[in-house]
Amino acid sequence: ILNEMDDYLSRMLKQDSNGEDVNDGMDMSLCMIDHKNGTLSFSGAQNSGLLFKNGEVINLTASKYTVGGLLAGTEKQFETHTLPISKSDLVYLYTDGYQDQFGGKKGKKFYRKNLLKLIESVQHLPLEKQLQTIQTTFLNWKGELPQVDDVSVVGFRI
């Protein structure tokens with residue numbers, strides 16, 4: 001899917017020409033759950049994810065490429081990782097908007113490491129409480145500063 005989207009976006013934005021056209025790309029992550037075989041397949045374009053099994057975190061590693069963007073016309077390898085899953089495992093996917101948000105006392109970015117710590121700190125809670133904590137933390141961090149990007153955090157239990 002990521003390879004097809006990369007090809008399509010590059011063609012639509014004419015990114016395979018002499019470099020004078022749009023060089024925008026997109027970070028994203030995808031996962032597929034195979035309930036019959038008990039597996040999760042994950043692929044990301046610069047957007048990683050998390051899998052929690054019995055409270056232990058497994059990083060779902062993304063490829064270092066964007067969909068579309070500056071490397072248009074080159075052969076990109078979007079890797080797919082397939083892992084065993086069981087009932088009660090938790091999966092989290094997120095955009096870079098949360099971690100790139102400016103805020104706090106010094107107007108700095110939230111950063112990925114803080115987002116991962118936040119998710120790890122709430123993963124044992126019911127999903128509604130996790131959502132509430134993640135939303136409240138973001139709004140408190142952002143304060144009166146403008147939101148700089150789209151912000152999505154998706155968490156679900158298998």
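1. A residue is called buried here when its relative accessible area is under 20%, exposed when that value is over 50%, and partly exposed in between. With that in mind, please note that the structure discussed in the points below is a predicted model.

2. I would begin with the aromatic side chains, of which the structure holds 5 pairs. In one of them, Tyr 98 and Phe 138 form a tilted pair, with 5.1 Å from centre to centre and 55° between the planes. Because Tyr 98 lies in the loop between strand 8 (90–94) and strand 9 while Phe 138 lies in helix 3 (residues 127–142), this pair ties together parts that are 40 residues apart in sequence. Both Tyr 98 and Phe 138 are buried.

3. Another aromatic pair, formed by Phe 110 and Trp 141, is edge-to-face, with 5.3 Å between the centres and 85° between the planes. This pair, too, links distant parts of the chain, since Phe 110 sits in the loop between strand 10 (108–109) and helix 2 (112–122), whereas Trp 141 sits in helix 3, 31 residues apart. Phe 110 is buried, with a relative accessible area of 7%, while Trp 141, at 23%, is partly exposed. Ring pairs link Tyr 98, Phe 110, Phe 138 and Trp 141 into a cluster.

4. Turning to charged side chains, the structure holds 3 salt bridges. In one of these, the side chains of Asp 6 and Lys 76 meet at 2.8 Å, N to O. Asp 6 belongs to helix 1 (residues 2–12) and Lys 76 to the loop between strand 6 (67–68) and strand 7 (81–84), so the pair ties together parts that are 70 residues apart in sequence. Both Asp 6 and Lys 76 are buried.

5. Lys 53 forms a salt bridge with Asp 89, and the closest N and O atoms are 2.7 Å apart. Here Lys 53 is in strand 4 (residues 49–53) and Asp 89 in the loop between strand 7 and strand 8, so that the pair links distant parts of the chain, 36 residues apart. Asp 89 is buried, with a relative accessible area of 2%.

6. The side chains of Lys 109 and Asp 100 also meet in a salt bridge, at 3.8 Å, N to O. Lys 109 is partly exposed, with a relative accessible area of 31%, and Asp 100 is likewise partly exposed, at 23%.

7. Finally, on the surface, Phe 102, Leu 145 and Val 148 form a nonpolar patch, with about 230 Å² of accessible area together. Phe 102 is placed in strand 9 (residues 102–103) and is partly exposed, with a relative accessible area of 35%.

Note on methods: Residues numbered from 1 in each chain as written. Predicted model: local features only at pLDDT ≥ 70, side-chain atom pairs only at ≥ 80, totals over all residues. Heavy atoms only, no water. Patch = residues over 30% accessible without salt bridge, like charges linked within 9 Å, V, L, I, M, F, W, Y side chains within 5 Å. Areas by Shrake-Rupley, 256 points an atom, 1.4 Å probe, with all protein chains shown as cover. Salt bridge = Lys/Arg side-chain N within 4 Å of Asp/Glu carboxyl O. Helix = DSSP H or I, 4+ residues; strand = E, 2+ residues; numbered from the N terminus. Buried < 20%, exposed > 50% of the residue type's maximum accessible area, 1.4 Å probe, protein only. Phe/Tyr/Trp six-rings, centres within 6.5 Å; stacked < 30°, edge-to-face > 60°.
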